[in-house]
Amino acid sequence: MNYQAMRAIYIFEMSRFFRTYRQSFLAPVISTSLYFIVFGAAIGSRIDQVEGVSYGAFIVPGLIMLSVMTQATSNASFGIYFPKFTGSIYELLSAPINFLEATVGYVGAAASKALIIGAIIFATSFFFVDVQVMHPLAMVAFLILTCLSFSLLGFIIGIWAGNFEQLQIIPLLIITPLVFLGGSFYSTTMLPPFWQAVTLLNPVHYLISGFRWSFFEQADVPVGVSLLAIAAFTALCLGAIAWIFRTGWRIRS
Amino acid sequence: MAPIVRVNDLRKSYASGFEALKGVTLDIEEGEILALLGPNGAGKTTLISTICGITMPSSGTVTVGGNDILKDYRAARSMIGLVPQELSLEAFETVFNAVSFSRGLFGKSRNDALVTDILRQLGLLDKKDTKIMALSGGMKRRVLIAKALAHEPRILFLDEPTAGVDVELRKDMWAVVDRLRQDGVTIILTTHYIEEAEAMADRVAVIDKGQIMLVQDKDALMSHMGQKELIIQLDQPLVGDLPDALGKYGLEAIEEGARLRYVYDTKADRTGITALLNDLQLAGLQMVDMETRQSSLEEIFVGLVKGDAA
(Lines give C-alpha, C1' and ligand atoms only; values in the text may rest on other atoms or scores of the structure.)
Protein backbone atom coordinates (compact mmCIF):
# COMPACT_ATOMS: atom_id res chain seq x y z
CA MET A 1 0.00 0.00 0.00
CA ASN A 2 1.17 3.49 -0.80
CA TYR A 3 0.34 5.09 2.55
CA GLN A 4 2.34 8.21 1.75
CA ALA A 5 0.14 8.86 -1.28
CA MET A 6 -3.08 8.45 0.71
CA ARG A 7 -1.72 10.78 3.34
CA ALA A 8 -0.56 13.32 0.74
CA ILE A 9 -3.95 13.40 -1.00
CA TYR A 10 -5.80 13.62 2.29
CA ILE A 11 -3.70 16.51 3.59
CA PHE A 12 -3.83 18.30 0.25
CA GLU A 13 -7.61 18.08 0.12
CA MET A 14 -8.06 19.09 3.74
CA SER A 15 -5.86 22.12 3.25
CA ARG A 16 -8.19 23.22 0.45
CA PHE A 17 -11.02 23.00 2.96
CA PHE A 18 -9.28 25.04 5.65
CA ARG A 19 -8.00 27.55 3.09
CA THR A 20 -11.59 28.42 2.24
CA TYR A 21 -12.81 28.24 5.83
CA ARG A 22 -15.35 31.02 5.44
CA GLN A 23 -17.11 29.14 2.69
CA SER A 24 -16.48 25.80 4.36
CA PHE A 25 -17.69 26.56 7.88
CA LEU A 26 -19.71 29.73 7.87
CA ALA A 27 -22.02 28.89 4.99
CA PRO A 28 -23.48 25.71 6.53
CA VAL A 29 -23.71 27.32 9.96
CA ILE A 30 -25.57 30.33 8.64
CA SER A 31 -27.96 28.35 6.48
CA THR A 32 -28.71 25.93 9.30
CA SER A 33 -29.33 28.76 11.72
CA LEU A 34 -31.82 30.17 9.25
CA TYR A 35 -33.62 26.82 9.11
CA PHE A 36 -33.82 26.78 12.88
CA ILE A 37 -35.15 30.30 13.01
CA VAL A 38 -37.73 29.77 10.27
CA PHE A 39 -38.86 26.18 10.91
CA GLY A 40 -37.93 25.76 14.54
CA ALA A 41 -38.93 29.07 16.05
CA ALA A 42 -41.30 30.86 13.68
CA ILE A 43 -43.31 27.97 12.21
CA GLY A 44 -42.36 25.28 14.73
CA SER A 45 -43.92 27.17 17.59
CA ARG A 46 -47.31 26.69 15.92
CA ILE A 47 -46.77 22.96 15.33
CA ASP A 48 -47.55 20.40 17.98
CA GLN A 49 -45.04 17.85 19.00
CA VAL A 50 -44.12 15.28 16.37
CA GLU A 51 -44.21 11.81 17.90
CA GLY A 52 -43.51 13.15 21.35
CA VAL A 53 -40.67 15.45 20.32
CA SER A 54 -40.86 19.21 19.94
CA TYR A 55 -40.75 20.18 16.27
CA GLY A 56 -37.60 22.26 16.71
CA ALA A 57 -35.73 19.28 18.12
CA PHE A 58 -37.36 16.88 15.65
CA ILE A 59 -35.76 18.59 12.66
CA VAL A 60 -32.21 18.58 14.10
CA PRO A 61 -31.28 15.10 12.76
CA GLY A 62 -32.84 15.92 9.38
CA LEU A 63 -30.96 19.20 9.14
CA ILE A 64 -27.66 17.57 10.00
CA MET A 65 -28.34 14.89 7.40
CA LEU A 66 -29.29 17.47 4.79
CA SER A 67 -26.02 19.38 5.24
CA VAL A 68 -23.82 16.33 5.61
CA MET A 69 -25.17 14.67 2.47
CA THR A 70 -24.91 17.74 0.30
CA GLN A 71 -21.50 18.71 1.68
CA ALA A 72 -20.07 15.21 1.34
CA THR A 73 -21.30 14.96 -2.24
CA SER A 74 -20.14 18.38 -3.35
CA ASN A 75 -16.76 18.19 -1.59
CA ALA A 76 -15.90 14.81 -3.02
CA SER A 77 -17.13 15.61 -6.51
CA PHE A 78 -15.26 18.90 -6.61
CA GLY A 79 -12.10 17.33 -5.19
CA ILE A 80 -11.70 14.95 -8.10
CA TYR A 81 -13.35 17.06 -10.80
CA PHE A 82 -11.09 20.07 -10.24
CA PRO A 83 -7.83 18.25 -11.16
CA LYS A 84 -9.64 16.92 -14.22
CA PHE A 85 -10.65 20.45 -15.13
CA THR A 86 -7.17 21.97 -14.67
CA GLY A 87 -5.42 18.94 -16.16
CA SER A 88 -3.37 18.36 -13.03
CA ILE A 89 -4.91 14.89 -12.81
CA TYR A 90 -2.02 13.73 -15.01
CA GLU A 91 -0.02 13.46 -11.84
CA LEU A 92 -2.53 11.22 -10.11
CA LEU A 93 -2.72 8.98 -13.18
CA SER A 94 1.05 8.67 -13.48
CA ALA A 95 1.60 8.03 -9.77
CA PRO A 96 2.25 4.56 -8.37
CA ILE A 97 -1.13 4.29 -6.67
CA ASN A 98 -4.19 2.08 -7.08
CA PHE A 99 -7.87 2.93 -6.97
CA LEU A 100 -8.24 2.13 -3.32
CA GLU A 101 -5.48 4.51 -2.27
CA ALA A 102 -6.77 7.37 -4.40
CA THR A 103 -10.30 6.77 -3.13
CA VAL A 104 -9.22 6.63 0.50
CA GLY A 105 -7.39 9.94 0.08
CA TYR A 106 -10.11 11.87 -1.73
CA VAL A 107 -13.16 10.29 -0.14
CA GLY A 108 -11.58 10.26 3.30
CA ALA A 109 -10.95 13.98 3.08
CA ALA A 110 -14.44 14.75 1.76
CA ALA A 111 -16.03 12.59 4.46
CA SER A 112 -13.92 14.28 7.14
CA LYS A 113 -15.05 17.69 5.98
CA ALA A 114 -18.69 16.63 6.00
CA LEU A 115 -18.23 15.16 9.46
CA ILE A 116 -16.74 18.40 10.76
CA ILE A 117 -19.64 20.36 9.29
CA GLY A 118 -22.13 17.90 10.79
CA ALA A 119 -20.52 18.38 14.20
CA ILE A 120 -20.66 22.16 13.83
CA ILE A 121 -24.34 22.08 12.94
CA PHE A 122 -25.05 19.77 15.83
CA ALA A 123 -23.30 22.21 18.17
CA THR A 124 -25.18 25.12 16.60
CA SER A 125 -28.51 23.43 17.28
CA PHE A 126 -27.92 23.70 21.03
CA PHE A 127 -28.28 27.46 20.70
CA PHE A 128 -31.82 27.06 19.39
CA VAL A 129 -33.39 23.92 20.81
CA ASP A 130 -33.08 21.39 23.58
CA VAL A 131 -31.70 18.23 21.97
CA GLN A 132 -31.03 14.90 23.59
CA VAL A 133 -29.25 11.95 22.07
CA MET A 134 -30.42 8.58 23.32
CA HIS A 135 -27.84 6.49 21.47
CA PRO A 136 -24.69 8.57 20.93
CA LEU A 137 -22.67 5.69 19.50
CA ALA A 138 -25.33 4.86 16.95
CA MET A 139 -25.58 8.55 16.10
CA VAL A 140 -21.84 8.78 15.41
CA ALA A 141 -21.91 5.55 13.43
CA PHE A 142 -24.80 6.74 11.23
CA LEU A 143 -23.12 10.07 10.72
CA ILE A 144 -19.81 8.53 9.69
CA LEU A 145 -21.46 6.03 7.35
CA THR A 146 -23.52 8.77 5.74
CA CYS A 147 -20.47 11.00 5.26
CA LEU A 148 -18.59 8.11 3.76
CA SER A 149 -21.25 6.80 1.40
CA PHE A 150 -22.21 10.22 0.06
CA SER A 151 -18.56 11.13 -0.40
CA LEU A 152 -18.22 7.96 -2.46
CA LEU A 153 -21.22 9.02 -4.50
CA GLY A 154 -19.73 12.50 -4.95
CA PHE A 155 -16.45 10.97 -6.05
CA ILE A 156 -18.27 9.05 -8.78
CA ILE A 157 -20.13 12.18 -9.85
CA GLY A 158 -16.85 14.10 -10.03
CA ILE A 159 -15.29 11.45 -12.24
CA TRP A 160 -18.37 11.28 -14.44
CA ALA A 161 -18.88 15.03 -14.83
CA GLY A 162 -17.60 16.57 -18.04
CA ASN A 163 -18.31 20.16 -17.05
CA PHE A 164 -19.38 22.27 -14.10
CA GLU A 165 -23.05 22.00 -14.98
CA GLN A 166 -22.96 18.23 -14.79
CA LEU A 167 -21.10 18.52 -11.53
CA GLN A 168 -24.02 20.41 -10.01
CA ILE A 169 -26.91 18.70 -11.67
CA ILE A 170 -27.09 15.43 -9.71
CA PRO A 171 -26.86 17.05 -6.27
CA LEU A 172 -29.42 19.62 -7.37
CA LEU A 173 -31.92 17.40 -9.18
CA ILE A 174 -31.59 14.16 -7.25
CA ILE A 175 -29.96 14.43 -3.86
CA THR A 176 -31.65 17.58 -2.56
CA PRO A 177 -35.17 16.38 -3.48
CA LEU A 178 -34.48 12.95 -2.01
CA VAL A 179 -33.29 14.48 1.25
CA PHE A 180 -36.25 16.87 1.52
CA LEU A 181 -38.77 14.18 0.61
CA GLY A 182 -37.07 11.56 2.77
CA GLY A 183 -38.49 13.05 5.95
CA SER A 184 -35.89 15.64 6.97
CA PHE A 185 -38.57 17.97 8.25
CA TYR A 186 -41.48 15.61 8.90
CA SER A 187 -42.26 12.09 9.96
CA THR A 188 -43.44 9.99 7.04
CA THR A 189 -46.16 8.65 9.32
CA MET A 190 -47.78 12.05 8.78
CA LEU A 191 -48.25 11.18 5.08
CA PRO A 192 -51.18 9.37 3.46
CA PRO A 193 -50.54 5.60 3.08
CA PHE A 194 -49.78 5.86 -0.65
CA TRP A 195 -47.02 8.44 -0.16
CA GLN A 196 -45.68 6.52 2.80
CA ALA A 197 -45.19 3.56 0.46
CA VAL A 198 -43.54 5.77 -2.16
CA THR A 199 -41.15 7.13 0.47
CA LEU A 200 -39.94 3.60 1.11
CA LEU A 201 -38.37 3.74 -2.35
CA ASN A 202 -36.28 6.72 -1.29
CA PRO A 203 -32.90 5.45 -0.05
CA VAL A 204 -32.24 8.65 1.89
CA HIS A 205 -35.36 8.02 3.94
CA TYR A 206 -33.69 5.05 5.66
CA LEU A 207 -30.68 7.11 6.64
CA ILE A 208 -32.70 9.95 8.10
CA SER A 209 -34.95 7.54 9.91
CA GLY A 210 -32.05 5.63 11.43
CA PHE A 211 -30.26 8.80 12.37
CA ARG A 212 -33.38 10.18 14.03
CA TRP A 213 -33.79 6.93 15.95
CA SER A 214 -30.35 7.47 17.51
CA PHE A 215 -31.65 10.80 18.85
CA PHE A 216 -35.23 10.07 19.94
CA GLU A 217 -35.53 6.31 19.76
CA GLN A 218 -38.37 6.64 17.30
CA ALA A 219 -38.07 5.80 13.64
CA ASP A 220 -40.20 5.43 10.52
CA VAL A 221 -38.46 2.17 9.58
CA PRO A 222 -36.66 -0.34 11.82
CA VAL A 223 -33.11 0.74 12.61
CA GLY A 224 -31.68 -2.54 11.34
CA VAL A 225 -33.19 -1.87 7.92
CA SER A 226 -31.60 1.59 7.97
CA LEU A 227 -28.19 0.11 8.67
CA LEU A 228 -28.63 -2.46 5.95
CA ALA A 229 -29.69 0.21 3.47
CA ILE A 230 -26.67 2.39 4.11
CA ALA A 231 -24.32 -0.59 4.00
CA ALA A 232 -25.77 -1.64 0.65
CA PHE A 233 -25.46 1.90 -0.69
CA THR A 234 -21.82 2.13 0.41
CA ALA A 235 -21.03 -1.23 -1.18
CA LEU A 236 -22.70 -0.15 -4.40
CA CYS A 237 -20.62 3.03 -4.60
CA LEU A 238 -17.40 1.16 -3.81
CA GLY A 239 -18.16 -1.37 -6.53
CA ALA A 240 -18.77 1.41 -9.03
CA ILE A 241 -15.48 3.08 -8.13
CA ALA A 242 -13.54 -0.17 -8.44
CA TRP A 243 -15.04 -0.63 -11.89
CA ILE A 244 -14.20 2.96 -12.88
CA PHE A 245 -10.57 2.57 -11.95
CA ARG A 246 -10.23 -0.82 -13.57
CA THR A 247 -11.62 0.38 -16.87
CA GLY A 248 -10.30 3.93 -16.67
CA TRP A 249 -13.80 5.18 -17.46
CA ARG A 250 -13.82 8.97 -17.96
CA ILE A 251 -10.33 9.41 -16.56
CA ARG A 252 -7.85 7.33 -18.52
CA SER A 253 -8.23 7.25 -22.30
CA MET B 1 23.26 -3.38 -19.70
CA ALA B 2 19.58 -3.78 -20.52
CA PRO B 3 17.81 -0.64 -21.71
CA ILE B 4 15.99 1.16 -18.89
CA VAL B 5 12.89 1.68 -21.03
CA ARG B 6 11.84 -0.86 -23.63
CA VAL B 7 8.93 -0.08 -25.89
CA ASN B 8 7.88 -3.00 -28.05
CA ASP B 9 5.38 -2.73 -30.92
CA LEU B 10 3.29 -0.22 -29.01
CA ARG B 11 -0.01 0.71 -30.60
CA LYS B 12 -2.64 3.17 -29.50
CA SER B 13 -5.99 3.72 -31.16
CA TYR B 14 -8.58 6.08 -29.77
CA ALA B 15 -12.30 5.43 -29.69
CA SER B 16 -12.65 7.79 -32.66
CA GLY B 17 -10.61 5.30 -34.69
CA PHE B 18 -7.57 7.57 -34.83
CA GLU B 19 -4.38 5.56 -34.56
CA ALA B 20 -1.89 7.71 -32.67
CA LEU B 21 0.84 5.07 -32.36
CA LYS B 22 1.37 2.49 -35.08
CA GLY B 23 3.72 -0.07 -33.63
CA VAL B 24 6.44 1.93 -31.89
CA THR B 25 9.56 0.00 -30.86
CA LEU B 26 12.20 1.94 -28.99
CA ASP B 27 14.92 1.19 -26.45
CA ILE B 28 16.13 3.92 -24.14
CA GLU B 29 19.48 3.40 -22.46
CA GLU B 30 20.10 4.23 -18.84
CA GLY B 31 21.71 7.61 -18.31
CA GLU B 32 21.22 8.92 -21.84
CA ILE B 33 19.35 11.96 -23.01
CA LEU B 34 17.03 11.05 -25.82
CA ALA B 35 15.28 13.71 -27.87
CA LEU B 36 12.00 12.66 -29.40
CA LEU B 37 11.75 14.87 -32.43
CA GLY B 38 8.68 15.22 -34.57
CA PRO B 39 6.09 17.62 -35.96
CA ASN B 40 2.86 18.44 -34.10
CA GLY B 41 0.52 15.48 -33.95
CA ALA B 42 3.30 12.96 -34.61
CA GLY B 43 2.47 10.95 -31.48
CA LYS B 44 5.17 12.26 -29.14
CA THR B 45 2.83 13.08 -26.27
CA THR B 46 0.80 9.89 -26.74
CA LEU B 47 3.98 7.83 -26.53
CA ILE B 48 5.09 9.56 -23.34
CA SER B 49 1.60 9.44 -21.81
CA THR B 50 1.42 5.71 -22.44
CA ILE B 51 4.80 5.00 -20.87
CA CYS B 52 3.84 7.10 -17.84
CA GLY B 53 0.48 5.40 -17.32
CA ILE B 54 -1.84 8.26 -18.29
CA THR B 55 -3.02 6.57 -21.48
CA MET B 56 -3.76 2.87 -21.83
CA PRO B 57 -1.96 1.08 -24.68
CA SER B 58 -4.12 -0.73 -27.25
CA SER B 59 -1.44 -3.37 -27.73
CA GLY B 60 2.28 -3.90 -27.33
CA THR B 61 4.42 -3.80 -24.21
CA VAL B 62 6.47 -1.27 -22.28
CA THR B 63 8.89 -2.08 -19.49
CA VAL B 64 10.56 0.46 -17.25
CA GLY B 65 13.58 -0.83 -15.36
CA GLY B 66 12.39 -4.32 -16.28
CA ASN B 67 8.91 -3.71 -14.82
CA ASP B 68 5.88 -4.02 -17.07
CA ILE B 69 3.94 -0.75 -16.98
CA LEU B 70 0.63 -2.55 -16.54
CA LYS B 71 1.47 -5.53 -14.33
CA ASP B 72 4.16 -3.88 -12.20
CA TYR B 73 2.86 -0.36 -12.49
CA ARG B 74 3.98 0.67 -9.03
CA ALA B 75 7.61 -0.20 -9.59
CA ALA B 76 7.54 1.21 -13.13
CA ARG B 77 5.86 4.51 -12.27
CA SER B 78 7.96 5.08 -9.14
CA MET B 79 10.99 5.45 -11.39
CA ILE B 80 9.42 8.08 -13.63
CA GLY B 81 8.99 11.83 -13.33
CA LEU B 82 6.85 13.60 -15.92
CA VAL B 83 6.80 17.26 -16.91
CA PRO B 84 3.70 17.70 -19.07
CA GLN B 85 3.37 20.08 -21.95
CA GLU B 86 0.39 21.99 -20.58
CA LEU B 87 0.72 24.18 -17.48
CA SER B 88 -1.62 21.93 -15.50
CA LEU B 89 -1.42 23.00 -11.88
CA GLU B 90 -3.63 23.40 -8.85
CA ALA B 91 -3.97 27.19 -8.84
CA PHE B 92 -4.68 27.84 -5.19
CA GLU B 93 -1.89 25.88 -3.56
CA THR B 94 1.51 27.28 -2.63
CA VAL B 95 4.58 26.23 -4.57
CA PHE B 96 6.13 24.38 -1.66
CA ASN B 97 3.00 22.43 -0.79
CA ALA B 98 2.36 21.49 -4.41
CA VAL B 99 5.89 20.11 -4.80
CA SER B 100 5.75 18.35 -1.44
CA PHE B 101 2.40 16.81 -2.45
CA SER B 102 3.98 15.30 -5.56
CA ARG B 103 6.64 13.63 -3.46
CA GLY B 104 4.03 12.05 -1.21
CA LEU B 105 1.92 10.92 -4.15
CA PHE B 106 4.86 8.87 -5.37
CA GLY B 107 5.17 7.17 -2.01
CA LYS B 108 8.13 9.07 -0.60
CA SER B 109 8.14 10.36 2.95
CA ARG B 110 8.14 14.08 3.49
CA ASN B 111 11.53 15.70 3.02
CA ASP B 112 11.47 19.48 3.33
CA ALA B 113 15.22 19.84 2.87
CA LEU B 114 15.13 18.03 -0.46
CA VAL B 115 12.11 19.98 -1.71
CA THR B 116 13.82 23.22 -0.67
CA ASP B 117 16.93 22.18 -2.56
CA ILE B 118 14.95 21.40 -5.72
CA LEU B 119 13.22 24.79 -5.48
CA ARG B 120 16.59 26.48 -5.08
CA GLN B 121 18.01 24.77 -8.16
CA LEU B 122 15.04 25.92 -10.21
CA GLY B 123 15.17 29.48 -8.91
CA LEU B 124 11.86 29.08 -7.09
CA LEU B 125 13.00 29.41 -3.50
CA ASP B 126 11.77 32.97 -3.04
CA LYS B 127 8.39 31.91 -4.44
CA LYS B 128 7.93 28.90 -2.20
CA ASP B 129 5.02 30.40 -0.25
CA THR B 130 3.45 32.05 -3.28
CA LYS B 131 0.23 30.64 -4.63
CA ILE B 132 0.73 29.07 -8.03
CA MET B 133 -1.91 31.21 -9.70
CA ALA B 134 0.19 34.31 -8.94
CA LEU B 135 3.15 32.98 -10.94
CA SER B 136 4.12 33.80 -14.51
CA GLY B 137 4.00 31.11 -17.20
CA GLY B 138 7.73 30.50 -17.00
CA MET B 139 7.60 30.13 -13.24
CA LYS B 140 4.73 27.66 -13.53
CA ARG B 141 6.84 25.63 -15.91
CA ARG B 142 9.57 25.54 -13.25
CA VAL B 143 7.02 24.34 -10.68
CA LEU B 144 6.06 21.49 -13.01
CA ILE B 145 9.70 20.48 -13.26
CA ALA B 146 10.11 20.71 -9.48
CA LYS B 147 7.04 18.50 -9.00
CA ALA B 148 8.44 15.91 -11.40
CA LEU B 149 11.77 15.85 -9.56
CA ALA B 150 10.29 15.77 -6.06
CA HIS B 151 10.32 11.98 -5.77
CA GLU B 152 13.86 11.66 -7.13
CA PRO B 153 12.97 9.80 -10.34
CA ARG B 154 15.55 7.84 -12.30
CA ILE B 155 13.85 8.68 -15.56
CA LEU B 156 12.55 12.12 -16.44
CA PHE B 157 10.15 12.86 -19.28
CA LEU B 158 10.06 16.44 -20.48
CA ASP B 159 7.21 17.07 -22.92
CA GLU B 160 8.05 20.16 -24.96
CA PRO B 161 9.93 21.71 -22.06
CA THR B 162 10.85 24.95 -23.78
CA ALA B 163 7.61 25.71 -25.61
CA GLY B 164 6.86 29.35 -24.85
CA VAL B 165 9.76 29.66 -22.45
CA ASP B 166 12.13 32.61 -22.21
CA VAL B 167 15.87 32.42 -22.76
CA GLU B 168 16.72 32.59 -19.08
CA LEU B 169 14.55 29.63 -18.16
CA ARG B 170 15.83 27.68 -21.12
CA LYS B 171 19.38 28.13 -19.86
CA ASP B 172 18.38 27.25 -16.30
CA MET B 173 16.62 24.20 -17.53
CA TRP B 174 19.54 23.01 -19.57
CA ALA B 175 21.70 23.44 -16.46
CA VAL B 176 19.25 21.34 -14.44
CA VAL B 177 19.19 18.67 -17.13
CA ASP B 178 22.97 18.64 -17.16
CA ARG B 179 23.11 18.14 -13.40
CA LEU B 180 20.55 15.34 -13.60
CA ARG B 181 22.55 13.66 -16.32
CA GLN B 182 25.60 13.74 -14.07
CA ASP B 183 23.52 12.04 -11.39
CA GLY B 184 22.73 9.32 -13.89
CA VAL B 185 19.11 10.26 -14.55
CA THR B 186 17.79 9.16 -17.92
CA ILE B 187 16.05 11.99 -19.74
CA ILE B 188 13.58 11.87 -22.58
CA LEU B 189 12.49 15.15 -24.05
CA THR B 190 10.11 15.85 -26.88
CA THR B 191 10.60 18.84 -29.07
CA HIS B 192 10.07 20.10 -32.54
CA TYR B 193 13.10 22.33 -32.33
CA ILE B 194 16.21 20.81 -33.83
CA GLU B 195 18.35 23.27 -31.84
CA GLU B 196 17.01 21.87 -28.61
CA ALA B 197 17.82 18.33 -29.59
CA GLU B 198 21.23 19.51 -30.68
CA ALA B 199 21.93 21.32 -27.41
CA MET B 200 20.83 18.57 -25.06
CA ALA B 201 20.52 15.12 -26.55
CA ASP B 202 22.86 12.15 -26.89
CA ARG B 203 20.51 10.39 -29.27
CA VAL B 204 17.61 11.54 -31.39
CA ALA B 205 14.53 9.55 -32.30
CA VAL B 206 12.43 10.98 -35.10
CA ILE B 207 8.73 10.18 -34.89
CA ASP B 208 6.09 10.98 -37.47
CA LYS B 209 2.50 9.84 -37.94
CA GLY B 210 2.77 7.44 -35.02
CA GLN B 211 5.90 5.69 -36.23
CA ILE B 212 9.56 5.94 -35.31
CA MET B 213 11.35 6.99 -38.49
CA LEU B 214 14.83 6.55 -37.15
CA VAL B 215 16.92 6.56 -34.00
CA GLN B 216 20.41 7.89 -34.34
CA ASP B 217 23.27 9.36 -32.39
CA LYS B 218 22.91 13.07 -32.39
CA ASP B 219 26.26 13.70 -34.02
CA ALA B 220 25.42 11.52 -36.98
CA LEU B 221 22.05 13.12 -37.34
CA MET B 222 23.35 16.63 -37.07
CA SER B 223 25.64 16.09 -40.01
CA HIS B 224 22.51 15.44 -42.09
CA MET B 225 20.85 18.38 -40.55
CA GLY B 226 23.81 20.64 -41.12
CA GLN B 227 23.04 20.73 -44.82
CA LYS B 228 22.30 24.07 -46.38
CA GLU B 229 21.49 25.19 -49.89
CA LEU B 230 23.17 27.91 -51.87
CA ILE B 231 21.01 29.31 -54.65
CA ILE B 232 22.88 31.23 -57.33
CA GLN B 233 20.98 33.54 -59.65
CA LEU B 234 22.66 33.87 -63.05
CA ASP B 235 22.48 36.99 -65.18
CA GLN B 236 21.42 34.86 -68.15
CA PRO B 237 19.72 31.48 -68.06
CA LEU B 238 22.08 28.62 -68.66
CA VAL B 239 21.77 27.15 -72.14
CA GLY B 240 22.52 23.46 -72.47
CA ASP B 241 24.42 21.38 -69.94
CA LEU B 242 26.60 22.66 -67.17
CA PRO B 243 30.25 23.16 -68.07
CA ASP B 244 32.32 20.03 -67.28
CA ALA B 245 34.53 22.01 -64.90
CA LEU B 246 31.53 22.35 -62.56
CA GLY B 247 30.60 18.66 -62.63
CA LYS B 248 32.21 17.84 -59.29
CA TYR B 249 29.91 20.20 -57.36
CA GLY B 250 26.71 18.33 -58.04
CA LEU B 251 24.98 21.52 -59.14
CA GLU B 252 21.37 21.43 -60.13
CA ALA B 253 19.91 23.86 -62.63
CA ILE B 254 16.47 25.08 -61.56
CA GLU B 255 13.88 27.41 -63.06
CA GLU B 256 14.99 26.55 -66.59
CA GLY B 257 18.60 27.34 -65.90
CA ALA B 258 17.99 30.78 -64.36
CA ARG B 259 19.33 29.54 -61.03
CA LEU B 260 21.77 26.95 -59.79
CA ARG B 261 21.40 25.05 -56.56
CA TYR B 262 24.36 23.86 -54.53
CA VAL B 263 23.97 21.73 -51.39
CA TYR B 264 26.76 21.92 -48.83
CA ASP B 265 27.49 20.85 -45.29
CA THR B 266 28.05 23.56 -42.72
CA LYS B 267 29.72 21.07 -40.38
CA ALA B 268 32.29 19.90 -42.94
CA ASP B 269 35.88 21.20 -42.90
CA ARG B 270 35.30 22.88 -46.22
CA THR B 271 32.00 23.98 -47.64
CA GLY B 272 33.42 24.20 -51.17
CA ILE B 273 31.74 27.56 -51.72
CA THR B 274 34.91 29.53 -52.46
CA ALA B 275 36.10 26.97 -54.98
CA LEU B 276 32.67 26.85 -56.60
CA LEU B 277 32.50 30.61 -57.00
CA ASN B 278 35.99 30.65 -58.53
CA ASP B 279 35.10 27.88 -60.96
CA LEU B 280 31.86 29.64 -61.92
CA GLN B 281 33.84 32.70 -62.84
CA LEU B 282 36.38 30.65 -64.80
CA ALA B 283 33.54 28.98 -66.68
CA GLY B 284 32.31 32.44 -67.66
CA LEU B 285 29.04 32.39 -65.73
CA GLN B 286 28.01 35.73 -64.24
CA MET B 287 26.09 35.92 -60.96
CA VAL B 288 23.63 38.68 -60.09
CA ASP B 289 22.49 37.38 -56.70
CA MET B 290 22.82 34.52 -54.26
CA GLU B 291 21.06 33.27 -51.17
CA THR B 292 21.47 30.44 -48.69
CA ARG B 293 18.79 28.61 -46.79
CA GLN B 294 18.48 25.88 -44.20
CA SER B 295 16.26 22.92 -44.95
CA SER B 296 13.07 22.95 -42.89
CA LEU B 297 12.41 20.20 -40.40
CA GLU B 298 9.83 18.63 -42.68
CA GLU B 299 12.31 18.53 -45.54
CA ILE B 300 14.86 16.96 -43.27
CA PHE B 301 12.35 14.36 -42.17
CA VAL B 302 11.55 13.56 -45.77
CA GLY B 303 15.23 13.48 -46.59
CA LEU B 304 15.99 11.17 -43.71
CA VAL B 305 13.23 8.78 -44.53
CA LYS B 306 14.21 8.68 -48.19
CA GLY B 307 17.85 8.28 -47.25
CA ASP B 308 16.98 5.41 -44.97
CA ALA B 309 14.98 3.65 -47.62
CA ALA B 310 17.77 3.94 -50.17
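Tutor: Start with a definition. Buried means under 20% relative accessible area, exposed means over 50%, and partly exposed lies in between. Remember that this is a predicted model.

Student: Why is Asp178(B) called partly exposed?
Tutor: Its relative accessibility is 35%.

Student: What makes Arg181(B) and Asp178(B) a salt bridge?
Tutor: The cut-off is 4 Å between a side-chain nitrogen of Arg and a carboxyl oxygen of Asp. Here the closest N and O atoms are 3.8 Å apart, so the pair counts. Both residues lie in helix H6 of chain B, three residues apart, about one turn of the helix.

Student: Why does Lys248(B) count as exposed?
Tutor: Its relative accessibility is 66%. Exposed means over 50%, so Lys248(B) qualifies.

Student: Lys248(B) meets Asp279(B) in a salt bridge. Is Asp279(B) buried or exposed?
Tutor: Asp279(B) is buried: 16% is under the 20% cut-off. The N to O distance of this pair is 3.9 Å, within 4 Å.

Student: How do you know that Arg110(B) and Asp112(B) form a salt bridge?
Tutor: Their closest N and O atoms are 2.9 Å apart. Arg110(B) is exposed at 56%, while Asp112(B) is partly exposed at 34%.

Student: How many salt bridges does the rule give over all chains?
Tutor: The count comes to 25.

Conventions:
Residues are numbered from 1 along each chain as its sequence is written. Chains are lettered from A and ligands numbered from 1 in the order in which they are written. This is a predicted model: local features need pLDDT of at least 70, side-chain atom pairs count only at pLDDT 80 or more; totals for chains, interfaces and linings use all residues. Side-chain values use heavy atoms; hydrogens and water are left out. Buried means under 20% relative accessible area, exposed over 50%, partly exposed in between (1.4 Å probe, protein chains only). Helices (H or I, at least four residues) and strands (E, at least two) are DSSP runs, numbered from the N terminus.
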